[in-house]
Amino acid sequence: YSHTWQISEPNEFDIMLVMPVSRLQLDECDDTGAYYYLTFKRNPKEKYLSKFLDEDGKLSAFKMLQALREIIKREVKNIKNVEVTVKRRKAGSPAITLLIKNPPAEISVDIILTLEVQQSWPPSTQDGLKIEQWLGRKVRGEFRNKSLYLVAKENKNEKVQRGNTWRLSFSHIEKAMLNNHGSSKTCCESDGPKCCRKGCLKLLKYLLEQLKMTYTKELEKFCSYHVKTAFFHSCVMWPNDADWRSGDLDHCFQKYLDYFVDCLQKSHLPHFFIPRYNLLSPEYKASSNFLLELINKEWNNGFPVFQE
């Protein structure tokens with residue numbers, strides 16, 4: 001499935017290429033609880049994957065991405081009537097990016113190699129997804145019964161980058177939470193009451209996007225995932241639909257932004273599904289301070305970024 005974010009014309013898309021695999025052994029490769037080495041249990045059904053194992057028997061994300069890249073490059077040549085090119089590999093990026101040149105604008109599509117494993121979520125997720133007050137215990141149980149997704153993603157903190165780490169991904173759950181975001185079942189349905197949750201998320205995403213366009217280098221550590229994570233935490237802190245009335249957009253946005261600013265000040269934003277994984281760990285300090293100043297300036301001037 002794909003999702004697009006952007007208040008303006010969407011020109012960037014993410015597509016997860018999902019490969020089902022049977023049971024895997026997950027070994028944490030650092031203390032975030034988000035990055036794993038993957039090995040097969042004995043006699044895996046996936047004999048065809050054995051050529052992607054490294055010398056320690058770990059599944060190599062790098063080798064798999066390389067092979068996928070070649071397949072995609074080959075296939076892209078067969079596309080008539082639209083000019084599609086495969087973008088040069090960016091070090092550490094889990095995505096294979098296609099550039100589609102066709103009027104009126106260029107689109108880029110990120111293809112993200114994703115393994116889908118039908119097994120229970122690892123221990124690091126045990127105390128995450130604290131949605132009981134917001135969406136209910138039953139929904140949490142349903143979510144945690146869904147497959148585990150792992151994306152080919154290099155772990156920046158590894159001393160030696162061997163390209164054999166994988167990161168947990170919860171984008172399928174995040175998508176489900178965004179689509180069913182109300183504490184009442186009918187929130188934002190055609191005949192139900194409207195809320196401003198998604199409006200708030202879009203505003204903060206847009207704010208960060210615009211600031212990143214101006215201060216690309218200074219804000220390169222930040223991405224929309226920080227904003228999205230803070231959003232889910234806000235939904236938990238203000239779990240009722242009455243906390244997000246559609247008429248209160250500006251008030252709700254400021255409350256949500258206030259929480260995000262608080263996270264920046266404390267250098268603490270726990271991953272929504274892996275609570276011990278801090279998305280604003282100490283190496284963010286300088287960028288966080290920079291972003292804080294920019295946000296304060298926007299706030300004090302009545303958000304000129306939204307006036308354009």
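Mentor: Let's start with contact, which means heavy atoms within 4.5 Å. By that rule, Asp-241 touches Gly-182, Ser-183, Ser-184, Cys-187 and Arg-197, not counting residues up to four places away in sequence. This is a predicted model: local features need pLDDT of at least 70, side-chain atom pairs count only at pLDDT 80 or more, and totals for chains, interfaces and linings use all residues. Residues are numbered from 1 along each chain as its sequence is written, and side-chain values use heavy atoms, leaving out hydrogens and water.

Trainee: Why does Asp-241 count as buried?

Mentor: Buried means under 20% relative accessible area, with exposed over 50% and partly exposed in between (1.4 Å probe, protein chains only). Asp-241 has 15% relative accessibility, so it counts as buried. Its place is in the loop between α5 and α6 (249–266).

Trainee: What makes α4 roughly antiparallel to α5?

Mentor: Angles run from 0 to 180 degrees between N-to-C directions; under 35 degrees counts as roughly parallel, over 145 as roughly antiparallel, 65 to 115 as roughly perpendicular and the rest as oblique. The axes of α4 (residues 197–214) and α5 (residues 224–237) come within 9 Å and cross at roughly 150°. That crossing is why α4 is called roughly antiparallel to α5.

Trainee: Which residues make the contact between these helices?

Mentor: From α4 they are Arg-197, Leu-201, Leu-204, Lys-205 and Leu-208, and from α5 they are Ser-224, Val-227, Lys-228, Phe-231 and Cys-235.

Methods. Helices (H or I, at least four residues) and strands (E, at least two) are DSSP runs, numbered from the N terminus.
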